[in-house]
Amino acid sequence: VQLQASGGGLVQAGGSLRLSCAASGRTFSRYTMAWFRQAPGKEREFVAAITWVGTTSYAESVKSRFTISRDNAKNTIYLQMNSLKPEDTAVYYCAATSSWLTTSNRQYDYWGQGTQVTVSS
């Protein structure tokens, strides 16, 4: 599976962005897909995940602000980010795993190249 993330950019605090991650491969619909992020000097952290049947999981820091979704017909996942805060600034990565809903980056087998999100105060 090859992943291509897009949609990052610069936005003011309180604004919104939608990230997309396009996947290649015939079995996309069988993978759990996730978003992780990594800020400068910090470890990569889990943001949100969605299974092939639509079950979701979110980090506490983004619950009620971010929404993950997927379109299996388009081999694409999305991350709608609302009410953005400066602390959301990071490089956002999409990832895929054949495991069930996991928040551990060690269990993700495929990674996209990352897209930068910068939130100004």
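How many salt bridges does the structure contain? In this predicted model, the count comes to four salt bridges. One of them joins the side chains of Asp88 and Arg37, with an N to O distance of 2.9 Å. Asp88 is located in the loop between β8 and β9, whereas Arg37 belongs to strand β4, so this pair ties together parts of the chain that are 51 residues apart in sequence. Both Asp88 and Arg37 are buried.

Asp88 also forms a salt bridge with Arg65, the closest N and O atoms being 2.8 Å apart. Because Arg65 lies in the loop between β6 and β7 and Asp88 in the loop between β8 and β9, the pair ties together parts 23 residues apart in sequence. The relative accessible area of Arg65 is 9%, and this residue is therefore buried; Asp88 has a value of 1% and is likewise buried. Through shared partners, salt bridges join Arg37, Glu45, Arg65 and Asp88 into one network. A further salt bridge links Glu60 with Lys63, and here the closest N and O atoms are 2.9 Å apart. Glu60 is exposed, with a relative accessible area of 63%, while Lys63, at 40%, counts as partly exposed.

The structure holds one disulfide. This bond joins Cys21 to Cys94, with an S to S distance of 2.1 Å, and links distant parts of the chain: Cys21 in strand β3 and Cys94 in strand β9, 73 residues apart. The link of Cys21 and Cys94 is right-handed, with 65° about the S-S bond. Both cysteines, Cys21 and Cys94, are buried.

In soluble globular proteins, nonpolar side chains tend to be buried together. The largest nonpolar core of the model comprises 36 residues, and those with the most contacts inside it are Met33, Trp35, Val47, Phe66, Leu79, Met81 and Tyr92. Two or more residues of this core are given by each of the strands β1 (2-6), β3 (17-24), β4 (32-38), β5, β7 (66-71), β8 (76-81), β9 (90-97) and β11 (115-120). When neighbours within four places in sequence are left aside, the contacts of Met33 include Leu3, Phe28, Ile50, Ile68, Arg70, Ile77 and Ala95.

Nonpolar residues also occur on the surface. Trp52, Val53 and Trp100 form a nonpolar patch there, and together have about 320 Å² of accessible area. Val53 is placed in the loop between β5 (45-50) and β6 (56-58). Its relative accessibility is 58%, and Val53 therefore counts as exposed, the cut-off being over 50%.

Terms used:
Residues are numbered from 1 along each chain as its sequence is written. This is a predicted model: local features need pLDDT of at least 70, side-chain atom pairs count only at pLDDT 80 or more; totals for chains, interfaces and linings use all residues. Side-chain values use heavy atoms; hydrogens and water are left out. Patches are made of residues with over 30% relative accessible area and no salt bridge: like charges are joined within 9 Å, nonpolar side chains (Val, Leu, Ile, Met, Phe, Trp, Tyr) within 5 Å. Accessible areas come from the Shrake-Rupley method with a 1.4 Å probe; for residues, only the protein chains shown count as cover. Helices (H or I, at least four residues) and strands (E, at least two) are DSSP runs, numbered from the N terminus. Buried means under 20% relative accessible area, exposed over 50%, partly exposed in between (1.4 Å probe, protein chains only). A nonpolar core is a set of buried Ala, Val, Leu, Ile, Met, Phe, Trp, Tyr and Cys residues joined through side-chain atoms within 4.5 Å. Contact means heavy atoms within 4.5 Å. A disulfide is a pair of cysteine sulfur atoms within 2.5 Å.
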